[in-house]
Amino acid sequence: MSRHTGQNVIIKVSSWVTKQNLPFWIISIGMIVMLLWAGSYKITVPGADGIVSLVDNSPLISCHFNYLVSSWF
């Protein structure tokens with residue numbers, strides 16, 4: 001009898017998770033936190049210094065970056 005009760009609990013929990021769309025919300029919140037963390041790092045001095053070598057060594061990115069900077073100023 002306890003085995004059936006355990007299965008009922010699992011079924012109820014599974015049904016609740018499905019109704020609440022819990023996996024979607026967990027993944028979405030995790031992605032939002034990660035993107036905010038990574039984006040906020042890029043506006044710090046160490047983050048900006050880390051991008052310099054990428055811009056200098058990549059012809060496509062440096063060309064694009066030079067075009068954007070010259071059009072801004």
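What percentage of the 73 residues in the protein do buried residues make up? In this predicted model, for which local features require a pLDDT of at least 70 and side-chain atom pairs count only at pLDDT 80 or more, totals for chains, interfaces and linings use all residues. Residues are numbered from 1 along each chain as its sequence is written, and side-chain values use heavy atoms, with hydrogens and water left out. Buried residues make up 5% of the 73 residues, where buried denotes under 20% relative accessible area, exposed over 50%, and partly exposed the range in between (1.4 Å probe, protein chains only).

The protein contains 4 helices and 0 strands, and its elements follow the order α-α-α-α from the N terminus on; helices (H or I, at least four residues) and strands (E, at least two) are DSSP runs, numbered from the N terminus. The radius of gyration of the protein is 24 Å, whereas a compact globule of 73 residues would have a value near 11 Å; the radius is taken over C-alpha atoms, and the globule rule is 2.2 Å times the number of residues to the power 0.38. Along the principal axes, the C-alpha atoms fill a box of roughly 75 × 20 × 20 Å. Val9, which is placed in helix 1 and counts as partly exposed at 47% relative accessibility, is 55 residues from His64 in sequence and 57 Å from it in space, C-alpha to C-alpha.

The protein exposes about 6700 Å², of which carbon and sulfur atoms supply 74%; accessible areas come from the Shrake-Rupley method with a 1.4 Å probe, and for residues only the protein chains shown count as cover. Phe24, Trp25, Ile29 and Val33 make a nonpolar surface patch of about 430 Å². Val33, in helix 2 (residues 22-42), is exposed, with a relative accessible area of 52%.

Ser28 is likewise found in helix 2 but counts as buried at 17% relative accessibility, and a polar atom of its side chain lies 2.8 Å from the backbone oxygen of Phe24. In the loop between helix 1 (2-20) and helix 2, Asn21 has a phi near 55°, a positive value in a residue other than glycine, and is partly exposed at 39% relative accessibility.

How values were computed
Patches are made of residues with over 30% relative accessible area and no salt bridge: like charges are joined within 9 Å, nonpolar side chains (Val, Leu, Ile, Met, Phe, Trp, Tyr) within 5 Å. A salt bridge is a side-chain nitrogen of Lys or Arg within 4 Å of a carboxyl oxygen of Asp or Glu. A polar contact is a pair of N or O atoms within 3.5 Å; within protein, one must be able to donate a hydrogen and the other to accept it, and residues adjacent in sequence count only if both atoms are side-chain atoms.
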